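I opened the notebook to write down what I looked up, one entry per topic.

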Number of protein chains: 2
Amino acid sequence: MTSSAVPKIVSNAGSTGSTEAIALEICDSPHVINAEKIQQVQQELLSPEKAQRMAEFFALMADANRLRLLSLLARQEWCVGDLAGAIGLSESAVSHQLKTLRSLRLVRYRKQGRHVFYQLQDHHVLSLYQAVAEHLDENEE
Amino acid sequence: MTSSAVPKIVSNAGSTGSTEAIALEICDSPHVINAEKIQQVQQELLSPEKAQRMAEFFALMADANRLRLLSLLARQEWCVGDLAGAIGLSESAVSHQLKTLRSLRLVRYRKQGRHVFYQLQDHHVLSLYQAVAEHLDENEE
């Protein structure tokens, strides 16, 4: 995979040095774009439409109460009343959060007689939750 | 694990029936809180503080361009100029997005001579990205 043509000068104006908590780090030399590499990934690159759907998904996950519900559902199935008791929210509030999680297909329910038990939809949800939890745990001060 | 005391009546006022796209589903009978189960999970339940940090993390991930950058970095390391070329953004815009991703400790860089190469920070980032991508793929209409 060799670099091909299209020379381009990198502006280093954004490089404000180490006084910033996190500096902008870019190549410190004229940059030759690797057109072949760029071409190769075009088919694999996340489309703007799918990126937007993912972004909307992340935005809906950005809710502390929703995440606390998932932390409980990650371990076992629950009915709404117990979830409400465990988290300290009203059943109505929990029901509405579960409705959002169902619309995201993150949780599902099963009926047993007159009872309704909620559980995680699938292993992706658990992977997602665990990946974020572990990432934050490892990077805590 | 037997249920203990604290009987409580479930309000079914929120149950608006199946005319709604996603109905609220709660137990259709007076609910007896499972106090033992609730007690058992108190230590494992995500704390409000950690839930808030997770929510902030998800909020920062809710950006289509940031996600497109991660989709490229999920496969190989990149320098800013090539990332910019692949995604069709300016180097300055890409640098600022990478700065945010570094502050989240999702990406890191290595210097090689006068060049700077970005890569994913660790396997959690890849798990997170893949879990969401697969979840959305499986649930597409």
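I keep in mind that the model is predicted.

**Entry 1**

I then turned to A:Arg105, which lies in the loop between α5 and β3 of chain A. A:Arg105 is not a glycine, yet its phi is positive, about 55°. I noted A:Arg105 as partly exposed because 16 C-beta neighbours lie inside 10 Å.

**Entry 1: chain A as a whole**

I listed six helices and four strands in chain A. In what order do they come along the sequence? The pattern reads β-β-α-α-α-α-α-β-β-α. Chain A has 141 residues, and 36% of them count as buried. I also looked at contacts in chain A between residues at least 6 apart in sequence: 45% of these join residues at least 24 apart.

**Entry 2: the hairpin**

I followed β3 (residues 107–112) into β4 (residues 115–120) in chain A and found that the two strands pair in the antiparallel sense, over six bridges. One pair I wrote down is A:Arg108 with its bridge partner in β4(A), A:Gln119. Two residues lie between the strands of this hairpin, and A:Gly113 takes a positive phi there, near 65°.

**Entry 3: A:Asn65**

I found A:Asn65 in helix α3 of chain A. It counts as partly exposed, because it has 18 C-beta neighbours inside 10 Å. Which residues does A:Asn65 touch, not counting those up to four places away in sequence? They are A:Ile87, A:Leu89 and A:Gln97. For A:Ile87 I also checked the C-alpha separation from A:Asn65, which is 8.3 Å, with the two residues 22 apart along the chain.

**Entry 4: the core**

I looked up the largest nonpolar core, which has 71 residues. Those with the most contacts inside it are A:Leu69, A:Val80 and A:Leu83, together with B:Leu69, B:Val80 and B:Leu83. I picked A:Val80 and set aside its neighbours within four places in sequence. In chain A, it is in contact with A:Glu91, A:Val94, A:Ser95, A:Leu98 and A:Val116. In chain B, A:Val80 is in contact with B:Ile26 and B:Cys27.

**Entry 5: where the chains meet**

I noted that the contact takes 65 residues from chain A and 66 residues from chain B. Several elements of chain A each supply at least two residues of the side that touches chain B, among them α1 (35–41), α3 (64–73), β4 and α6 (123–138). Which element gives the most to that side? It is α2(A), with 10 residues. By type, the residues of the side of chain A that touches chain B divide into 32 nonpolar, 17 polar and 16 charged.

**Entry 6: how the copies are related**

I looked up how chain A can be laid on chain B: a turn of 180° and a shift of 0.0 Å along the axis give an RMSD of 0.0 Å. I recorded this as the relation of a two-fold axis. The same surface serves both copies, since 100% of the contact residues of chain A recur in chain B.

How values were computed:
Residues are numbered from 1 along each chain as its sequence is written. Chains are lettered from A and ligands numbered from 1 in the order in which they are written. This is a predicted model: local features need pLDDT of at least 70, side-chain atom pairs count only at pLDDT 80 or more; totals for chains, interfaces and linings use all residues. Two strands pair if DSSP finds at least two bridges between them. A nonpolar core is a set of buried Ala, Val, Leu, Ile, Met, Phe, Trp, Tyr and Cys residues joined through C-beta atoms within 7 Å. A residue is buried if 20 or more other C-beta atoms lie within 10 Å of its own, exposed if 12 or fewer, and partly exposed in between; C-beta atoms are placed from the backbone. Two residues are in contact if their C-beta atoms, placed from the backbone, lie within 7 Å. Ala, Val, Leu, Ile, Met, Phe, Trp, Tyr, Cys and Pro count as nonpolar, Asp, Glu, Lys and Arg as charged, and the others, Gly among them, as polar. Copies are superposed by least squares on the C-alpha atoms of residues with pLDDT of at least 70 in both.
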